[in-house]
Amino acid sequence: MGFPQLPEHLTGADFFAVAETSPDFVALAWLDNTVAYVNPAGRALVGLGSLEEAQAHGIADYLTEDGLRASTAIEQPAVIEHGFWQGRGTLRHFGTGRAI
């Protein structure tokens with residue numbers, strides 16, 4: 001399976017327009033640990049400034065130990081099976097190391 005199909009009238013630009021203004025953490029990442037995108041609210045939440053700074057870190061860097069275990073056991077298998085995962089995870093703040 002691939003990514004969920006957007007209705008014909010929606011585009012990737014529509015996704016980014018919503019993500020850019022969302023107050024929630026929104027990210028796109030690949031199973032090779034590469035982070036492609038973190039929205040502004042997400043970057044602020046984890047203590048990062050720019051998209052480039054966010055992209056310089058791998059998925060594992062964003063997660064607490066519990067979050068990394070859940071990513072490996074639940075989230076990544078869901079991506080492989082369904083093409084995506086959405087839900088709540090345990091992030092960490094880059095400046096303080098505290099769980100969010």
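The following legends describe an overall view and several close-up views of a predicted model.

**Figure 1. Overall fold of the protein chain.** The predicted chain contains 5 helices and 2 strands, where helices (H or I, at least four residues) and strands (E, at least two) are DSSP runs numbered from the N terminus. Read from the N terminus, the order of elements is α-β-β-α-α-α-α. The radius of gyration is 14 Å, close to the 13 Å of the globule rule for 100 residues, so the chain is as compact as a globular protein of that length; the radius is taken over C-alpha atoms, and the rule is 2.2 Å times the number of residues to the power 0.38. The C-alpha trace extends about 45 × 30 × 20 Å along its principal axes. Residues are numbered from 1 along each chain as its sequence is written, and side-chain values use heavy atoms, without hydrogens or water. In this predicted model, local features need pLDDT of at least 70 and side-chain atom pairs pLDDT 80 or more, whereas totals for chains, interfaces and linings use all residues.

**Figure 2. Surface and contacts of the protein chain.** Of the 100 residues, 24% count as buried (buried is under 20% relative accessible area, exposed over 50%, partly exposed in between, with a 1.4 Å probe and protein chains only). The accessible surface amounts to about 6700 Å², and carbon and sulfur atoms contribute 58% of this area; areas come from the Shrake-Rupley method with a 1.4 Å probe. Among contacts with a separation of 6 or more, 39% join residues 24 or more positions apart, a contact being heavy atoms within 4.5 Å.

Figure 3. Arg 69 forms a salt bridge with Asp 66, with 2.2 Å between the closest N and O atoms. A salt bridge is a side-chain nitrogen of Lys or Arg within 4 Å of a carboxyl oxygen of Asp or Glu, and the count by this rule is 1. Because Arg 69 and Asp 66 are 3 residues apart in helix α5 (residues 65–82), about one helical turn separates them. Asp 66 is exposed, at 52% relative accessible area.

Figure 4. Ala 36 belongs to strand β2 (residues 35–38) and is partly exposed, with a relative accessibility of 25%. Apart from neighbours within four places in sequence, Ala 36 contacts Leu 28, Ala 29, Trp 30, Leu 51 and Gln 55. Ile 59 lies 23 residues from Ala 36 in sequence, with a C-alpha to C-alpha distance of 9.8 Å.

**Figure 5. Asn 33 in the loop between the strands.** The loop between β1 (27–29) and β2 holds Asn 33. The phi angle of Asn 33 is near 85°, a positive value in a residue other than glycine. Most residues other than glycine have a negative phi. Asn 33 is partly exposed, at 34% relative accessible area.

Figure 6. Thr 64 occupies the loop between α4 (59–62) and α5. This residue, Thr 64, is buried at 15% relative accessibility. Beyond neighbours within four places in sequence, its contacts are Thr 90, Leu 91, Arg 92 and Ala 99.

**Figure 7. Gly 95 in the segment after helix α5.** Gly 95 is located in the segment that follows α5 and is exposed, with 64% relative accessibility. Between the C-alpha atoms of Gly 95 and Asn 33 the distance is 21 Å, for a separation of 62 residues along the chain.
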